[in-house]
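I opened this notebook to record what I looked up, one entry at a time. The structure is placed below, before the first entry.

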Amino acid sequence: MSVLDILTIPNERLKHKSTEVKYFDNKLEKLVNDMFDTLYASGNGIGLAAPQVGIEKRIVVIDLKEEGNLTPITLINPKIISSSKENLTNEEGCLSIPGYYAKIERPSEINAEWQDIKGNTIKKKCVGLLSICVQHEIDHLDGVLFIDYLSNLKRKRALEKVKKYQKNS
Ligand code: ZN
């Protein structure tokens, strides 16, 4: 078990595009376990993408902790197949932007496809918070952060909030 360091803005590595996972081996399993340890250690996080811990591979771990129970989902090479026209606005936060939250509009439902830790293909219709979370995490794999959807002024404010947060913690 290891808790990994989470990169925060303005680290340029968060803007890199991650590459596909090809090998479903013990190394992948260990990394996924470490990512869950890191997610749970964060306290309030519900999703973490590998580039946030400096590993530029298309790996995401999610746990919405529904009804207080642990409900871990591992998404390897996740893709959005289709998105609903209807949007949902949700207040988003990010472990790489600690202390900052903003309302972001995204498609409310998506059909997504990914591989599990063994390489089996999973297809799932994601709605509500899971839909938002999967979209937010796939963005990380493409080097996109939720603040990229905001104005320059708000992005500047996010950076100031993170600096302040880091000084106080
Ligand atoms: Zn994030």
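**Entry: helix H2**

I note that the model is a predicted one. The buried residues of H2 include Leu130, Ile132, Val134, Ile138 and Leu141. Among them are also Ser131, Gln135, Glu137 and Asp139.

I then checked the length of the helix. At 1.5 Å a residue, H2 should span 20 Å, and its end C-alpha atoms lie 21 Å apart, which agrees. Just after H2, I found Gly143 with a positive phi of about 75°.

**Entry: the zinc ion**

Which residues coordinate the zinc ion? I found Cys94 through SG, His136 through NE2 and His140 through NE2, at 2.1 to 2.3 Å. Along the chain these donors follow the spacing C-x41-H-x3-H.

I looked up the two histidines again within H2 (residues 128–141). His136 and His140 are four residues apart there, and are therefore separated by about one helical turn. In general, an α-helix has 3.6 residues a turn, so residues three or four places apart point the same way. Both His136 and His140 are buried.

**Entry: the sheet**

I traced an open sheet of five strands in the order S1-S2-S3-S6-S7, with antiparallel pairing. Its edge strands are S1 (47–49) and S7 (121–127), each of which pairs on one side only. From one strand to the next, the twist averages 40°.

S1 and S2 run antiparallel and are joined by three bridges. Ala49 stands opposite Val60 in S2.

Next I asked which strands each helix lies across. Helix H1 lies across S1, S2 and S3, and runs at about 40° to S2. Helix H2 lies across S1, S2, S3, S6 (109–115) and S7, and runs at about 120° to S7.

**Entry: aromatic pairs**

How many aromatic pairs are there? I recorded two aromatic pairs. In one of them, the rings of Phe36 and Tyr40 have their centres 5.9 Å apart and their planes at 25°, so the pair is stacked. Planes under 30 degrees apart count as stacked. Phe36 and Tyr40 both lie in helix H1, four residues apart, which is about one turn of the helix. Phe36 is buried, with a relative accessible area of 9%, whereas Tyr40 is partly exposed at 27% relative accessibility.

Tyr100 and Phe146 also form a stacked pair, with 6.3 Å from centre to centre and 15° between the planes. Tyr100 lies in the loop between S4 (87–92) and S5 (102–107), and Phe146 in the loop between H2 and H3 (152–168), so this pair ties together parts that are 46 residues apart in sequence. Both Tyr100 and Phe146 are buried.

**Entry: backbone details**

A cis peptide bond joins Ile9 and Pro10, with omega about 5°. Pro10 lies in the segment before helix H1 (26–41).

I also looked up two residues in the loop between S2 (59–63) and S3 (72–83), one of them Lys65. The phi of Lys65 is near 50°, a positive value in a residue other than glycine. Glu67 is likewise in the loop between S2 and S3, and its phi, near 55°, is positive in a residue other than glycine. Are these residues buried or exposed? Lys65 counts as partly exposed, at 25% relative accessibility, while Glu67 counts as exposed, at 78%.

Terms used
Residues numbered from 1 in each chain as written. Predicted model: local features only at pLDDT ≥ 70, side-chain atom pairs only at ≥ 80, totals over all residues. Heavy atoms only, no water. Donors = N, O, S within 2.8 Å, 3.2 Å for Na, K, Ca; no water. Buried < 20%, exposed > 50% of the residue type's maximum accessible area, 1.4 Å probe, protein only. Pairing = 2+ DSSP bridges. Axes fitted to C-alpha atoms, helices over the stretch in contact; angles between N-to-C directions. Contact = heavy atoms within 4.5 Å. Expected span 1.5 Å × (residues − 1). Phe/Tyr/Trp six-rings, centres within 6.5 Å; stacked < 30°, edge-to-face > 60°.
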